[in-house]
Number of protein chains: 2
Amino acid sequence: MPDDPASEILDATYRALCKHGYANLTLQDVAAEADTSKASILYHHDSKDQLFVAFLDELYDQFTDRVNAHDGETPRDQLEALLRVFLTTEDDSSQQAFRTAILELTSQAPYNSALQDRLSDFDEFLIERLRGILVAGVDAGQFDDAIEPTHDAEYLATTITGAHIRHVAIDRSSDNLYGTMTNYVERHLLTDTHPEVAQ
Amino acid sequence: MPDDPASEILDATYRALCKHGYANLTLQDVAAEADTSKASILYHHDSKDQLFVAFLDELYDQFTDRVNAHDGETPRDQLEALLRVFLTTEDDSSQQAFRTAILELTSQAPYNSALQDRLSDFDEFLIERLRGILVAGVDAGQFDDAIEPTHDAEYLATTITGAHIRHVAIDRSSDNLYGTMTNYVERHLLTDTHPEVAQ
């Protein structure tokens with residue numbers, strides 16, 4: 001957690017989101033969390049919208065690090081690790097509050113093209129990472145060559161998105177789904193022999 | 001479109017949602033659409049929350065009719081019809097405005113247990129219908145008996161939910177996904193021979 005003013009404002013934005021949600025959040029709430037003034041926030045960001053664009057940019061960096069961190073030895077391991085990260089439920093109430101706020105923010109994207117562009121970047125990055133894993137797996141003979149990486153990556157990413165929404169909006173755990181998707185990978189994506197990847 | 005006052009209020013709620021979205025919608029907006037007074041709305045519904053519970057109840061009836069209407073001859077046909085209904089994109093701007101409003105409403109579910117209960121009903125109904133189709137397909141020898149209907153139905157419903165969110169929030173068509181899921185059904189759910197269902 002760096003302590004220059006700009007970073008402190010983004011950290012305070014995270015805490016304010018967890019506490020107040022997105023819909024009713026005011027710059028005053030963020031200022032209170034940052035122990036600063038609304039004028040100081042407006043010095044760094046022109047508006048609430050601009051603040052959230054900057055916030056999503058920072059979140060995007062964390063997101064891509066998180067997606068890339070789960071390497072695994074083989075494409076199969078990488079895919080399994082990604083599914084585990086995105087689908088297993090954490091019993092962390094601040095995490096849940098944050099996801100709820102992000103769902104609110106997502107629901108405003110149709111009205112706000114800057115937010116929509118940022119959220120599209122998350123979606124595209126996840127799909128591209130999944131596609132890369134599937135391509136590598138097919139090349140290595142670990143995944144079935146009947147796979148269509150572009151389409152199957154979109155399918156997996158769409159299911160992950162749906163799992164997040166069901167978890168946040170209607171409190172459905174995605175733990176079962178993690179098992180189902182792992183099973184799907186085992187049964188349908190792996191080749192029958194699924195050899196280890198050539199070194 | 002019935003014209004008793006209670007139904008007219010719900011019809012007006014639909015139109016007001018399409019016009020104003022959910023987050024900023026006021027009872028006054030609904031009253032204006034219904035060409036009546038806010039007091040008259042409050043005579044039928046105690047609050048905006050109560051109005052939306054009633055609205056979701058009516059929407060649920062339409063949803064279950066829509067899910068059940070797509071019968072098809074065989075379980076495979078039924079599944080294909082359901083996917084087509086839920087995944088193919090309609091270029092209908094009022095439909096898009098309505099889905100956007102429903103996403104906003106969904107984002108408020110974590111803060112409102114009555115809304116959350118209603119939205120859970122939609123989710124459960126869709127999963128149960130999919131499960132029924134999968135069970136019937138396995139029984140008829142049309143679907144692979146390695147299918148786990150409860151888990152696979154949740155998987156399909158979760159993907160459908162994700163497709164709706166990506167369509168509404170970040171404007172991603174689900175047309176490709178419809179092809180991918182149909183392909184998934186063909187490749188992975190059907191038995192190799194997929195005989196016609198026994199009469």
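How many helices and how many strands does the secondary structure of chain A come to? Select chain A in this predicted model and you'll find nine helices and zero strands. Here helices (H or I, at least four residues) and strands (E, at least two) are DSSP runs, numbered from the N terminus. Follow the chain from that end and the elements read α-α-α-α-α-α-α-α-α.

Before moving on, some housekeeping. Residues count from 1 along each chain as its sequence is written, while chains are lettered from A and ligands numbered from 1 in the order in which they are written. Because the model is predicted, local features need pLDDT of at least 70 and side-chain atom pairs count only at pLDDT 80 or more, whereas totals for chains, interfaces and linings use all residues; side-chain values use heavy atoms, with hydrogens and water left out.

**Stop 1: all of chain A**

Show the C-alpha trace of chain A: along its principal axes it spans about 65 × 35 × 30 Å.

**Stop 2: a helix pair in chain B**

Next, select residues 149-170 (helix 8) and 175-189 (helix 9) of chain B, which pack at an angle of about 170 degrees with their axes 12 Å apart. Axes are lines fitted to C-alpha atoms, for helices over the stretch in contact, and angles run from 0 to 180 degrees between N-to-C directions. So helix 8 of chain B is roughly antiparallel to helix 9 of chain B (the term covers angles over 145 degrees). Show side chains for the contact (heavy atoms within 4.5 Å): helix 8 of chain B brings B:Asp152, B:Tyr155, B:Leu156, B:Thr159 and B:Ala163, and helix 9 of chain B brings B:Leu177, B:Met181 and B:Tyr184.

**Stop 3**

Zoom to A:Asp35, in the loop between helix 2 (27-34) and helix 3 (38-44) of chain A. Its phi is near 55 degrees, a positive value in a residue other than glycine. Most residues other than glycine have a negative phi. A:Asp35 counts as exposed because its relative accessibility is 74%.

Finally, jump to B:Asp35, in the loop between helix 2 (27-34) and helix 3 (38-44) of chain B. Phi of B:Asp35 is near 55 degrees, and at 74% relative accessibility B:Asp35 counts as exposed.

Conventions. Parallel < 35°, antiparallel > 145°, perpendicular 65-115°, else oblique. Buried < 20%, exposed > 50% of the residue type's maximum accessible area, 1.4 Å probe, protein only.
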